[in-house]
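Biologist: I am new to this structure and would like to learn how to read its features. Could we go through them one at a time?

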Amino acid sequence: MPIRVLPPALINQIAAGEVIERPASVVKELLENSLDAGARRIEVHVEEGGSRLIRVRDDGLGLPQDELQLALTPHATSKITSLDDLECVASLGFRGEALASIASVSRLTLSSRQSGAEHAWELSGGDAEARPAAGGEGTTVTVRDLFYNTPARRKFLRTPRTEFNHIDEMIKRLALARPQVSLQLVHDGKTVRDLPAADNAAAMARRLALVCGGDFVEATMEVDEQNSQLHLHGWIAAPTYARGQADQQYFFVNGRLVRDRLLAQAVRQAYQDVLFHGRHPAYVLYLELDPAQVDVNVHPQKYEVRLRDSRAVFHFIKHHLQQRLATTRPGDGGIPQPARLPNTPSASGHDPTRGLPLGQPRAAEPAGAYQASGGSAAAGGAAHQLYQHWAEQIGLQQPSTPPQNAIADAAVESFDAPDSAGDNADVPPLGYALAQLHGIYILAQNRAGLVLVDMHAAHERVVYEQMKQQYSASGIASQALLVPVHVAVSEREAEAAEAHDLEPFGIVVERSAPESLRVRRMPSLLAGQDPSELVRDVVAELRRTGASATLTERIHEKLASASCHGAVRANRRLTIDEMNALLRQMEATERSNQCNHGRPTWVQLDLQALDRLFLRGQ
Ligand code: ADP
Ligand code: MG
């Protein structure tokens with residue numbers, strides 16, 4: 001075949017393949033246009049999952065009659081004029097491609113009326129001229145029969161329900177991206193979402209609940225951190241709210257939802273150590289920075305961004321979220337312990353069993369951990385030895401389990417009769433211990449009602465945090481390898497290993513050949529692990545982020561398992577003093593709301609919940 005220049009219609013259809021994957025992509029592009037036009041209210045009507053009809057109506061600035069045709073022309077945009085503009089785009093669109101692409105694979109009508117115009121003007125794809133039309137101020141785009149002329153694409157459409165779910169997810173994202181804009185979604189004549197504009201905190205909480213669910217809102221902690229370059233704000237869910245899927249992770253960079261590995265990793269690393277293995281954190285986060293620092297022109301759908309100073313952003317996010325998560329301990333406020341009694345309707349009326357930690361399987365607990373004392377005492381003995389071994393290695397004093405100390409004594413002194421705690425303004429967040437239940441739980445009374453503490457899980461966290469602190473204070477101890485180990489690496493990795501000082505990580509390497517490193521020392525705690533894997537991981541991470549989380553993670557893992565063995569086992573009888581001491585330690589320990597596996601360490605049963613159990617006052 002001879003070379004030919006493709007006809008414009010075909011060029012557009014090819015381009016459409018990149019941006020318009022399915023009905024939800026049309027919704028995304030049209031909504032973004034409405035938002036760029038300053039709309040305050042947007043209505044989306046969809047029929048048959050969007051394949052039959054998608055109509056987006058906004059009250060934005062609108063278009064003049066003579067620009068309707070241009071709007072449907074490829075590479076025609078009002079949003080940038082030069083490369084300089086592209087360097088700092090503040091609008092969601094800038095490629096001037098969406099309307100032309102959509103028009104090439106559907107029957108599209110664009111109708112618009114600017115403020116002050118006598119009436120609206122309307123233009124359909126293929127029309128030579130706009131004609132007068134009815135309609136209020138703003139713009140309406142109607143897209144019918146999507147992919148009618150591209151059967152290959154049409155074949156890939158799923159059921160209307162599935163396509164609609166994708167559209168709904170898109171609406172959710174934009175609803176979070178622009179809370180001040182009121183949004184309505186109607187499917188086959190039925191209003192599915194009606195989200196009023198949220199311009200104050202209460203309205204925002206309501207929108208968040210409508211989009212992410214009431215239990216998300218109840219479990220969230222607010223974040224608001226700023227330096228001269230970066231502003232991070234939004235909500236992160238308490239670790240105990242973690243989900244089986246990564247389906248509630250919204251990260252907006254300058255108002256644009258992005259799916260960026262580095263950003264997701266920064267959040268993930270902040271949750272490291274408080275999250276149950278294999279669970280995913282939930283968050284709605286907004287990062288604001290100078291648009292010139294962000295390159296959004298990486299991906300046609302603009303889901304990826306390139307940050308000029310990605311390392312600084314990475315550390316900013318990780319650091320602040322980590323700090324925020326450190327305050328998950330009793331009395332920090334803001335995050336009520338999510339547990340409720342099954343069948344106890346919550347105040348907000350949503351299904352109280354969703355995300356209910358009480359019913360979660362204790363996957364990480366060895367089977368039979370809570371069995372008769374004979375067996376577990378034996379197991380505890382072996383575990384204890386193992387723990388002591390670790391404790392000695394890192395120079396820890398064995399935390400007596402749990403120690404009696406001055407705070408505890410004071411706590412006990414002020415504890416007269418259980419009912420005096422009810423009106424005592426100085427009751428600590430976890431209150432005072434009443435009793436031990438089946439050797440597993442501590443029952444305590446605080447101002448709100450009854451507190452139940454999983455004593456092993458709680459003590460495990462307390463010991464773990466102590467070990468981490470002592471460990472980081474004393475630095476990472478390293479130990480010489482009897483026989484240095486050679487690690488094969490790429491030349492770039494070898495260069496990176498030379499360029500970075502690994503000694504603070506307890507690792508000493510030399511370059512032994514262009515593609516080989518000789519490992520002389522390893523962190524003592526990780527002796528016995530494969531040095532080549534460790535060195536390679538650490539070097540790769542140093543290259544990417546300038547710091548190594550791998551190493552800390554692994555050391556923490558070791559400490560975590562040591563603390564698990566060191567923590568008070570089930571079936572240990574504790575005195576009231578010991579129980580109170582543990583409660584006070586929990587209050588003083590960062591992240592103590594969840595154990596090392598991310599499960600809750602305590603739950604609150606307030607008096608109302610107890611009243612409901614007994615149908616009191618109903
Ligand atoms: P882009 O958004 O990348 O500029 P589009 O093809 O999506 O490209 O839109 C082309 C142009 O049409 C926009 O630059 C804008 O000027 C105009 N336009 C599109 N939708 C709207 C709308 N809802 N309100 C006002 N103007 C619009
Ligand atoms: Mg656009």
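**Helices, sheets and rings**

Modeller: Take two helices to begin with: α2 and α7 are roughly parallel to each other, because the angle between their axes is roughly 25° and angles under 35 degrees count as roughly parallel. Note that this is a predicted model.

Biologist: Where do helices α2 and α7 lie in the chain, and within what distance do their axes come?

Modeller: Helix α2 covers residues 23–36 and helix α7 covers residues 160–177. Their axes come within 8 Å. The crossing of α2 and α7 is right-handed.

Biologist: Which residues of α2 and α7 meet?

Modeller: From α2 there are Pro23, Ala24, Val27, Lys28, Leu31, Glu32 and Leu35. They meet Glu163, His166, Ile167, Met170, Ile171 and Leu174 of α7. Sorted by class, the residues of this contact of α2 with α7 are 9 nonpolar, 1 polar and 3 charged.

Biologist: What about α10 and α11: at what angle do their axes cross?

Modeller: Helix α10 (residues 261–271) and α11 cross at roughly 30°, and their axes come within 8 Å. The two are therefore roughly parallel to each other. The crossing of α10 and α11 is right-handed. On the α10 side the contact has Leu262, Leu263, Gln265, Ala266, Val267, Gln269, Ala270 and Tyr271. On the α11 side it has Ser310, Val313, Phe314, Ile317, Lys318, Leu321, Gln322 and Leu325. The classes for α10 with α11 are 11 nonpolar, 4 polar and 1 charged.

Biologist: Helix α11 also packs with α16; at what angle?

Modeller: Helix α11 (residues 310–326) and helix α16 (residues 531–545) pack at about 105°, with their axes 8 Å apart. They are therefore roughly perpendicular to each other. Arg311, Phe314 and His315 of α11 make this contact with Leu542, Arg543, Arg544 and Thr545 of α16. The residues of the contact of α11 with α16 comprise 2 nonpolar, 2 polar and 3 charged.

Biologist: Now the strands. How do strands of a sheet pair?

Modeller: Strands of a sheet pair through backbone hydrogen bonds, either parallel or antiparallel. Here, β3 (residues 107–113) and β6 (residues 138–144) run antiparallel and are joined by 7 bridges. Leu108 stands opposite Val143 in β6. Strand β3 also pairs with β4 (residues 120–124), in the antiparallel sense over 4 bridges. There, Leu110 stands opposite Leu123.

Biologist: How many residues lie between the strands in the hairpin of β3 and β4?

Modeller: The hairpin has 6 residues between the strands, and Gly116 takes a positive phi near 90°.

Biologist: How should I read the order of strands in an open sheet?

Modeller: One open sheet has 5 strands in the order β9-β10-β13-β11-β12, with mixed pairing. Strands β9 (220–226) and β12 (256–257) each have a single partner strand, so one side of each is left without a neighbour in the sheet. Strand β11 (residues 249–253) pairs with β12 in the antiparallel sense over 2 bridges. Phe252 has Leu257 in β12 as its bridge partner.

Biologist: Which strands does α7 lie across?

Modeller: Helix α7 lies across β11, β12 and β13 (283–288), and runs at about 50° to β11.

Biologist: What order do the strands take in the open sheet of 4 strands?

Modeller: That order is β16-β17-β18-β22, with antiparallel pairing. The edges are β16 (432–437) and β22 (602–606), each with a single partner strand, so one side of each has no neighbour in the sheet. From one strand to the next, the twist averages 25°. Strand β16 is joined to β17 (residues 441–445) by 5 bridges, and Gln436 stands opposite Ile442 in β17.

Biologist: Which helices lie across these strands?

Modeller: Helix α14 (residues 455–474) lies across β16, β17 and β18 (449–454), at about 70° to β18. Helix α18 (residues 576–588) lies across β16, β17, β18 and β22, at about 115° to β16.

Biologist: Last, what describes a pair of aromatic rings?

Modeller: The distance of the centres and the angle of the planes describe such a pair. A search of the whole structure finds 3 aromatic pairs. In one of them, Trp235 and Tyr286 have ring centres 6.5 Å apart and planes at 75°, so the pair is edge-to-face. Trp235 lies in β10 (residues 231–237) and Tyr286 in β13, so the pair ties together parts that are 51 residues apart in sequence.

Note on methods: Residues numbered from 1 in each chain as written. Chains lettered and ligands numbered in written order. Predicted model: local features only at pLDDT ≥ 70, side-chain atom pairs only at ≥ 80, totals over all residues. Heavy atoms only, no water. Axes fitted to C-alpha atoms, helices over the stretch in contact; angles between N-to-C directions. Parallel < 35°, antiparallel > 145°, perpendicular 65-115°, else oblique. Left-handed = near helix turned anticlockwise from the far one by under 90°. Contact = heavy atoms within 4.5 Å. Nonpolar A, V, L, I, M, F, W, Y, C, P; charged D, E, K, R; others polar. Pairing = 2+ DSSP bridges. Phe/Tyr/Trp six-rings, centres within 6.5 Å; stacked < 30°, edge-to-face > 60°.
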